[in-house]
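The sequence and structure come first.

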Amino acid sequence: MSTSNPNPRPTSGPRVGAPARPPQRPAAGAARPALVKPAPKAKARRARLLVSKVEPWSVLKMAFLLSVALGIITVVAAIVLWTVLDLTGLFDKVNALMSDIQGAESGAFDLKKFASLGQVASFATIIAVVNVVLLTALSMLSAVLYNVSATLVGGIGVTLTDD
């Protein structure tokens with residue numbers, strides 16, 4: 001019993017797995033085809049979404065990292081500011097002014113006793129730690145309050161586009 005294929009494939013076309021032939025260019029004297037008009041630019045897609053819930057745990061982590069960065073900036077800025085004030089001689093000028101105001105009978109006034117670099121750095125570190133705790137707690141509280149209010153109102157509408 002012989003089986004024959006009722007729809008034989010033509011053998012003149014490219015075979016599967018065969019290397020593709022490069023396109024042939026027209027001869028130098030042949031007429032060139034007309035230029036093809038480019039397709040119109042597609043409009044940007046837009047999607048309207050609602051932010052209906054914010055995860056408090058992710059807000060807590062992000063707020064903690066950002067507030068730690070802000071705390072480091074606070075400490076470094078305080079140290080740099082104190083160093084700049086010391087290098088410009090402002091502390092000596094304030095000491096001379098206070099000595100002129102108090103008179104010669106009172107003891108010499110030294111501003112660096114009250115605001116030394118170590119004291120300024122310690123105070124800035126304390127302020128930074130308090131800010132880290134407060135900003136983290138307030139951010140998480142804000143996320144929880146947003147979730148509660150979003151259940152009542154529906155959330156914040158956001159429109160996204162792909163330009």
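A search of the whole structure finds 3 salt bridges, a salt bridge being a side-chain nitrogen of Lys or Arg within 4 Å of a carboxyl oxygen of Asp or Glu. The model is predicted, so local features need pLDDT of at least 70 and side-chain atom pairs count only at pLDDT 80 or more, while totals for chains, interfaces and linings use all residues. Residues are numbered from 1 along each chain as its sequence is written, and side-chain values use heavy atoms, with hydrogens and water left out.

| Asp-162 | Arg-45 | 3.1 Å |

The Asp-86 and Lys-112 pair links distant parts of the chain, 26 residues apart: Asp-86 belongs to helix 1 (residues 56-87) and Lys-112 to helix 3 (residues 111-114). Helices (H or I, at least four residues) and strands (E, at least two) are DSSP runs, numbered from the N terminus. Asp-86 has a relative accessibility of 25% and counts as partly exposed; Lys-112, at 31%, is also partly exposed. In these terms, buried means under 20% relative accessible area, exposed over 50%, and partly exposed in between (1.4 Å probe, protein chains only).

The remaining salt bridge joins Asp-162 and Arg-45. Asp-162 lies in the segment after strand 2 and Arg-45 in the segment before strand 1, so this contact ties together parts that are 117 residues apart in sequence. Arg-45 is exposed, with 63% relative accessibility, and Asp-162 is partly exposed, with 37%.

Next come the strands themselves. Strand 1 pairs with strand 2 (residues 156-161) in the antiparallel sense over 6 bridges; two strands count as paired if DSSP finds at least two bridges between them. Within this pairing, Arg-46 has Thr-161 of strand 2 as its bridge partner. How many of the 6 residues of strand 1 (residues 46-51) are buried? The number is 0, so strand 1 lies largely in the open. In a regular strand the side chains alternate between the two faces of the sheet.

Is Asn-95 buried or exposed? Asn-95 is buried, with a relative accessible area of 12%. Leaving aside residues up to four places away in sequence, Asn-95 touches Phe-109, Asp-110 and Leu-111, where contact means heavy atoms within 4.5 Å. Asp-92, by contrast, is exposed, with a relative accessible area of 52%. Asp-92 and Leu-111 are 19 residues apart in sequence, and their C-alpha atoms are 8.1 Å apart in space.

For the protein as a whole, there are 4 helices and 2 strands, and from the N terminus on the elements run β-α-α-α-α-β. Buried residues make up 13% of the 163 residues. Among contacts with a separation of 6 or more, 83% are between residues 24 or more positions apart. The protein exposes about 14,000 Å², and carbon and sulfur atoms supply 67% of that area. Accessible areas come from the Shrake-Rupley method with a 1.4 Å probe; for residues, only the protein chains shown count as cover.
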